[in-house]
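Please look over the sequence and the model before reading on.

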Amino acid sequence: MIKENIESILSALPSTTRLIAVSKTKPVENIQEAYDCGQHMFGENKALEMRDKHEVLPNDIAWHFIGHLQTNKIKYIISYVTLIHSIDTLNLLQAVNHEAAKHGRIVDCLLQFHVAAEETKFGLTLDEGQRLLESDEYQAMNNIRIVGVMGMATNTTDQHRVRDDFRAIRQRFDYLKEHYFRQEASFKEISMGMSHDYAIAVDEGSTLIRIGSAIFGERNYNIPVND
Ligand SMILES: *Cc1c(COP(=O)(O)O)cnc(C)c1O
């Protein structure tokens, strides 16, 4: 099942879009199965869950942190995480920079933008993103690198709204590229698209899709997880 699901998703992806298999709440056996099919990028949204899985799985897995990150949990992922998708405050970015320095790493991060209709979702406004990038604190950071943006569309069956949201995320990317990262070839990632809406996200320029249930099946949140 996992193999067929991955193959079917990959078969429809342009070469410019990569697949992150979102394995949150799923057992390591599922991740190993996907890994054995050649899938080496995985996404988790809880620091301790990611740590526990990282400890027992192959060490060439690229671990993507996609959830809300608490500053006191950074230490559980900082030595190996490939990309943190969910930077939504200057304070969090400073804390990541501080922890990364302890390990002599430069950790890649995305700025998470809020465009969806739901109020509960995390993320910056364009204004807040600009203020972050123009701050003295950001200018002084040597152990993080911002390589793009991340966002989520409104959870709705209205395809027009979903497309508009992905366009808005894409516009955030284009604006920041133009004004802050024009010389930076590494600023190139647009992380958007989940199981139910990734086709539209890809259409609107996503470079990283984050797919969970369409690969591993529905999640059961009644099983307690370590956070
Ligand atoms: C869980 C999650 C996903 C994957 O969701 P699916 O609908 O299962 O594909 C993608 N992005 C984020 C931020 C998530 O928390």
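The accessible surface of the chain comes to about 11,000 Å², and carbon and sulfur atoms hold 46% of it. Accessible areas come from the Shrake-Rupley method with a 1.4 Å probe; for residues, only the protein chains shown count as cover. This is a predicted model, in which local features need pLDDT of at least 70 and side-chain atom pairs count only at pLDDT 80 or more, while totals for chains, interfaces and linings use all residues. Residues are numbered from 1 along each chain as its sequence is written, and side-chain values use heavy atoms, with hydrogens and water left out.

**Overall fold**

- The chain holds nine helices and eight strands. Both are DSSP runs numbered from the N terminus: helices are H or I with at least four residues, strands are E with at least two.
- With a radius of gyration of 17 Å, close to the 17 Å from the globule rule for 227 residues, the chain is as compact as a globular protein of that length. The radius is taken over C-alpha atoms, and the rule is 2.2 Å times the number of residues to the power 0.38.
- The C-alpha trace spans about 50 × 45 × 35 Å along its principal axes.
- Of the 227 residues, 50% are buried. Buried means under 20% relative accessible area, exposed over 50%, and partly exposed in between (1.4 Å probe, protein chains only).
- Take the contacts between residues at least 6 apart in sequence: 60% of them join residues at least 24 apart. A contact means heavy atoms within 4.5 Å.

**Ligand site**

- V22, K24, I66, M150, M152, M194, S195, R210, I211, G212, S213 and R219 surround the ligand. Being near it means having a heavy atom within 4 Å.
- This shell divides into six nonpolar, three polar and three charged residues. Ala, Val, Leu, Ile, Met, Phe, Trp, Tyr, Cys and Pro count as nonpolar; Asp, Glu, Lys and Arg count as charged; the others, Gly among them, count as polar.
- An N or O atom in the K24 side chain lies 2.6 Å from a ligand oxygen.
- A polar side-chain atom of R219 is 2.7 Å from an oxygen atom of the ligand.
- S213 uses its backbone: an N or O atom there lies 2.8 Å from a ligand oxygen.
- The ligand alone exposes 390 Å², and the protein buries 91% of that.

**T207**

- T207 sits in the loop between α8 (198-203) and β8 (208-211).
- T207 is buried, because its relative accessible area is 13%.
- The side chains of T207 and E189 make a polar contact of 2.6 Å. Such a contact is a pair of N or O atoms within 3.5 Å; within protein, one must be able to donate a hydrogen and the other to accept it, and residues adjacent in sequence count only if both atoms are side-chain atoms.
- A polar side-chain atom of T207 also lies 2.8 Å from the backbone nitrogen of I190.
- Beyond four places in sequence, T207 touches T16, T17, R18, K188, E189 and I190.

- N97 belongs to helix α4 (residues 90-102). At a relative accessible area of 12%, N97 is buried.
- Leaving out residues up to four places away, N97 touches M141, N142, N143 and I144.
- T82 lies in the loop between β3 (62-65) and β4 (83-87). T82 is partly exposed, with a relative accessible area of 33%.
- T82 and W63 are 19 residues apart along the chain, yet their C-alpha atoms are separated by 5.3 Å.
- Apart from neighbours within four places, T82 contacts A62, W63, H64 and D108.
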